[in-house]
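Try each task before you read its solution.

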Amino acid sequence: ETSDLGDLRLAEGVRLRGRVTDSGGQGVAGARILRKPKADGGLVVYGETSAPAVAVTDADGRFEIARQAVGPYEFDVVHARHPAGAFAGRTERPGEVLDDLVVTLRDGATIEGVVVGLPPGRARDLRIYGAPDEGVDGGFLLPNRPGGPLWTEVDDKGRFRLQGVEPGGRLRLTLHRGRQRWDGGSRRARAVVAAAGDRDVRFQYSEGATLTFRVVSPSGEPVESFQVAAGFEFAMIRSRREETHPDGVYTLAHLWPAASGEELKLEISAAGFEPWKAESLLVRPEDSVDLGAVTLTQRPQVMLSVTSADTGEPVVGASVLMRPYRDPAAAPSETRRRVSIEAEAQDGEEERRTFQIEGEVRGRTDDEGSVALDATPGTTVEFLIQHPDHAETLDAPFVVPYGASLTEHAVALE
């Protein structure tokens, strides 16, 4: 089907021209101009990289922003050797040109140091990340910095030089293998606090503590597909449910407890089993702990079959969300549910983050149009089903019965 949208009229914009300089008035080449993100009442987290630059300064520090809407504007200016700068203002009419903007970046400080105890060849792809010191040795440092976090590479002799540090500031530095991950699994040393201008910062390379266990069913058979979440402050997802672990064995590596030891929160979940949790596993630095067998308890499931209302054929690859039923006629009430964050990074790709809300179960129909979803007896749920060839369907309510290990339910999509 082809639709004619008619003529599209583009509004005339404005041009912003200017120059980025250092404290001595010299042009700063290669500075990136970024649109300042809008929080809109929510949380803004700067990632590994920010949105593409709208302009990059030339050899003399000059820039031009050619596609800017009339009205207020606000930009960040970032460069590796300087703390971030910013400029803002307002234009009044289409076609307006502002060509006298000047942004002066402050001189940045540096922090230098070395990573010791590196095994041969392990310096490759090591990075030092820095964020304001808040007194917490977290595995992932939220940069809250335009242009992404402050970081630098480690050379083949273990040396590093972090530039663009806020003068007079104190940073908590962490050593990572490649891009830092939310779950802390990329860490390769304990965090170090350093001040701007420090020249002899030392990291002791380490793989951290490890924890090994074997997941089995009540009959002792290995459970090979399961999700693992672990952490000291809160549990972060380290392995997804669809991943397979031969013989049910899993090693949780790169753990970084406090120097005196710390209690690890460990959660294991698998399709068809009740979630397993341990809240008081004491882990000390450099520990190598074997928990032995972790026995899961069977859990009821709903087997949802999805078919086409027209043909009766199974619908393959439908996305299914099972969640607590919300009666549209009921009075609004405050609901608080836990949210878990899953982070995944692949070579050459940005880290991908997904969010899982407690009480919600997701799945995708197989070649027979079916999907098994973990359920809690006595709960009332609804199913949201989506497929590109069918209308979105909300099937509700459905009460999960008591006393059944597997309950079948069918939905036909228009």
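**Exercise 1: Arg238**

The side chain of Arg238 comes within 2.6 Å of the backbone oxygen of Ala253. This is a predicted model, where local features need pLDDT of at least 70 and side-chain atom pairs count only at pLDDT 80 or more, while totals for chains, interfaces and linings use all residues. Residues are numbered from 1 along each chain as its sequence is written, and side-chain values use heavy atoms, with hydrogens and water left out.

Task: find which strand holds Arg238, and decide whether Arg238 is buried or exposed.

Solution. Step one: Arg238 is found in strand β17, residues 236-239 (a strand is a DSSP run of E, at least two residues, numbered from the N terminus). Step two: the relative accessibility of Arg238 is 14%, so Arg238 counts as buried (buried means under 20% relative accessible area, with a 1.4 Å probe and protein chains only).

**Exercise 2: Phe226 and Tyr250**

Task: classify the aromatic pair of Phe226 and Tyr250, and say which parts it ties together.

Solution. Step one: rings of Phe, Tyr and Trp (its six-membered ring) pair if their centres lie within 6.5 Å; planes under 30 degrees apart count as stacked, over 60 as edge-to-face and the rest as tilted. By this rule the count comes to 9 aromatic pairs. Step two: the ring centres of Phe226 and Tyr250 are 6.3 Å apart and the planes stand at 80°, so this pair is edge-to-face. Step three: Phe226 lies in the loop between β15 (209-216) and β16 (227-231) and Tyr250 in strand β18 (residues 249-255), so the pair ties together parts 24 residues apart in sequence. Both Phe226 and Tyr250 are buried.

Methods. Helices (H or I, at least four residues) and strands (E, at least two) are DSSP runs, numbered from the N terminus. Buried means under 20% relative accessible area, exposed over 50%, partly exposed in between (1.4 Å probe, protein chains only). A polar contact is a pair of N or O atoms within 3.5 Å; within protein, one must be able to donate a hydrogen and the other to accept it, and residues adjacent in sequence count only if both atoms are side-chain atoms.
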